[in-house]
Amino acid sequence: MTEPYWNAKQGAYIKCPVPNCNHTGIVITKAHCRLVHDMTREEVRKKYGFPENVSKLTKKQIEAMKKRGSRI
């Protein structure tokens with residue numbers, strides 16, 4: 001089971017804590033950390049902290065910000 005801080009609360013989204021990574025979703029997976037950042041989730045946590053809650057934004061707003069290249 002995934003630790004609760006790597007999962008968003010019901011109806012919310014979280015953002016990967018790695019700078020310039022615009023990955024958002026309901027979970028930041030071990031596979032994302034390994035494939036995209038070549039680190040374990042523990043290494044990501046130690047270096048960058050836990051994922052940020054972006055639940056006040058809708059998925060549509062998040063996608064629009066990604067397309068513009070904005071930091072969420």
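**The aromatic rings and their surroundings**

Modeller: The secondary structure of the chain comes to three helices and three strands, where helices (H or I, at least four residues) and strands (E, at least two) are DSSP runs, numbered from the N terminus. This is a predicted model, in which local features need pLDDT of at least 70 and side-chain atom pairs count only at pLDDT 80 or more, while totals for chains, interfaces and linings use all residues. Residues are numbered from 1 along each chain as its sequence is written, and side-chain values use heavy atoms, with hydrogens and water left out. Followed along the sequence, the elements come in the pattern β-β-α-α-β-α.

Now to the rings. The count comes to two aromatic pairs, a pair being two rings of Phe, Tyr or Trp (for Trp its six-membered ring) whose centres lie within 6.5 Å, called stacked if the planes are under 30 degrees apart, edge-to-face if they are over 60, and tilted otherwise. One of them joins Tyr5 and Phe50 in a tilted arrangement, with 4.1 Å from centre to centre and 50 degrees between the planes. This pair links distant parts of the chain, since Tyr5 belongs to the segment before strand 1 and Phe50 to the loop between helix 2 and strand 3, 45 residues apart. Tyr5 is partly exposed, with a relative accessible area of 39%, and Phe50 is partly exposed too, at 36%; here buried means under 20% relative accessible area, exposed over 50%, and partly exposed in between, with a 1.4 Å probe and protein chains only.

Phe50 also pairs with Trp6, this time edge-to-face, at 6.2 Å centre to centre and with 70 degrees between the planes. That pair, too, links distant parts of the chain: Trp6 is in the segment before strand 1, and it is 44 residues apart from Phe50 in the loop between helix 2 and strand 3. Trp6 counts as buried, at 3% relative accessibility.

Leaving aside neighbours within four places in sequence, Ile28 is in contact (heavy atoms within 4.5 Å) with several residues, among them Trp6, Ile14, Cys16, Cys33 and Pro51. For the chain as a whole, residues 24 or more positions apart account for 49% of the contacts with a separation of 6 or more, and 32% of the 72 residues count as buried.

Three of them form an open sheet in the order 2-1-3, with antiparallel pairing, and two strands pair if DSSP finds at least two bridges between them. Strand 2 (24-25) and strand 3 (52-53) stand at the edges with a single partner strand each, so one side of each has no neighbour in the sheet. Strand 1 (residues 14-15) is joined to strand 3 by two bridges, and Lys15 stands opposite Glu52 of strand 3.

Charged side chains meet elsewhere. A search of the whole structure finds two salt bridges, each a side-chain nitrogen of Lys or Arg within 4 Å of a carboxyl oxygen of Asp or Glu. Glu42 and Arg45 meet in one of them, at 2.5 Å from N to O, and both lie in helix 2 (residues 41-48), three residues apart, which is about one turn of the helix. Arg34 and Asp38 meet in a salt bridge as well, at 3.7 Å from N to O; Arg34 is partly exposed at 38%, whereas Asp38 is exposed at 58%.

Most residues other than glycine have a negative phi. Asp38, found in the loop between helix 1 (30-37) and helix 2, has a positive phi of about 55 degrees although it is not a glycine. Asn20 likewise has a positive phi, of about 65 degrees; it is found in the loop between strand 1 and strand 2 and is exposed, with a relative accessible area of 71%.
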